[in-house]
Amino acid sequence: MMPKLFVSVMHQIRKGQMPSMQPHHSLVYNLPAEVIVQLAQAHAHSVEKQAAALDYTRKVQHSQWCAEQERLRVGYISSDFGNHPLSQLMQSVFGLHNQDRYEIFGFALSPHDGTPARQKIEAGIEHFYDVHSLSTVELCELVENCRLHILVDLN
């Protein structure tokens with residue numbers, strides 16, 4: 001399987017396509033370092049092209065945090081808030097933040113699947129948004145309007 005995957009990924013890189021293997025996944029395979037670098041560069045270039053196509057030219061205003069005056073706003077974004085190992089491992093973590101110090105946001109990239117894990121995650125996050133039907137630009141605007149200090153991509 002690995003030789004086929006390697007050939008396929010190298011073909012995608014040569015054609016300027018988004019590689020089917022993500023850079024962080026490549027680290028578990030016995031690939032030469034230069035191939036991993038090529039893969040990461042090709043992936044970054046593909047993401048740049050996708051971002052440029054959005055024509056989202058607004059300058060994002062970064063939120064400044066003042067520890068004495070406000071809670072730290074932390075967001076978590078994931079397509080795995082459901083029947084997924086991430087949810088099984090993390091479902092209790094979100095509710096463990098000290099609410100006096102942290103304001104927690106969740107952004108679900110996939111629809112509610114009815115699982116107890118999803119329900120527990122939603123219950124443990126102060127501001128939970130099901131954003132699976134939003135466009136990329138709409139999602140960017142929502143995240144920006146939340147004025148987060150930290151956004152963690154759980155994918």
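Residues are numbered from 1 along each chain as its sequence is written, and side-chain values use heavy atoms, with hydrogens and water left out. Because this is a predicted model, local features need pLDDT of at least 70 and side-chain atom pairs count only at pLDDT 80 or more, whereas totals for chains, interfaces and linings use all residues.

Me: In which element of the protein is confidence highest?
Reply: Confidence is given as pLDDT, the predictor's score for each residue from 0 to 100, and its mean over the protein is 86, with 92% of the residues reaching 70 or more. Where pLDDT is low, the predicted coordinates should not be read in detail. Among the elements, helix α2 (residues 23-26) has the lowest confidence, at a mean of 82, while the highest, at 97, belongs to β3.

Me: What percentage of the residues of the protein count as buried?
Reply: A residue is buried under 20% relative accessible area, exposed over 50% and partly exposed in between, with a 1.4 Å probe and protein chains only. The C-alpha atoms fill a box of roughly 50 × 40 × 30 Å along the principal axes. Of the 155 residues in the protein, the share that counts as buried is 34%.

Me: How are the rings of Tyr76 and Phe94 arranged, stacked or edge-to-face?
Reply: Rings of Phe, Tyr and Trp (its six-membered ring) pair if their centres lie within 6.5 Å, and planes under 30 degrees apart count as stacked, over 60 as edge-to-face and the rest as tilted. A search of the whole structure finds 4 aromatic pairs. In the pair of Tyr76 and Phe94, the ring centres are 5.0 Å apart and the planes stand at 75°, so the arrangement is edge-to-face.

Me: How many residues apart in sequence are the parts that the pair of Tyr76 and Phe94 ties together?
Reply: Tyr76 counts as buried at 11% relative accessibility, and Phe94 counts as buried at 1%. Both residues belong to one aromatic cluster that Tyr76, Phe81, Phe94 and Phe128 form. Since Tyr76 lies in strand β1 (residues 72-78) and Phe94 in the loop between α4 (85-90) and β2 (102-108), the pair ties together parts whose separation in sequence, in residues, is 18.

Me: How do the rings of Phe107 and Tyr129 pair, stacked or edge-to-face?
Reply: Phe107 counts as buried at 0% relative accessibility, whereas Tyr129 is partly exposed at 28%. Phe107 lies in strand β2 and Tyr129 in strand β3 (residues 127-130), so the pair ties together parts that are 22 residues apart in sequence. With ring centres 5.5 Å apart and planes at 10°, the pair is therefore stacked.

Me: Which strands are included in what covers the buried residues of α6?
Reply: Helix α6 spans residues 136-145 and holds Val137, which is partly exposed at 23% relative accessibility. The buried residues of α6 are Leu139, Leu142, Val143 and Glu144. What covers these buried residues includes β1, β2, β3 and β4.

Me: Which residues does Gln91 touch, not counting residues up to four places away in sequence?
Reply: Gln91 sits in the loop between α4 and β2 and is buried, with a relative accessible area of 18%. Taking contact to mean heavy atoms within 4.5 Å, and not counting residues up to four places away in sequence, Gln91 touches Pro116, Ala117, Lys120 and Ile121.

Me: How far apart in space are Asp153 and Pro85, C-alpha to C-alpha?
Reply: Asp153 is found in strand β4 and is exposed, with a relative accessible area of 53%. Asp153 and Pro85 are 68 residues apart in sequence, and in space their C-alpha atoms are separated by 15 Å.

Technical notes
Helices (H or I, at least four residues) and strands (E, at least two) are DSSP runs, numbered from the N terminus.
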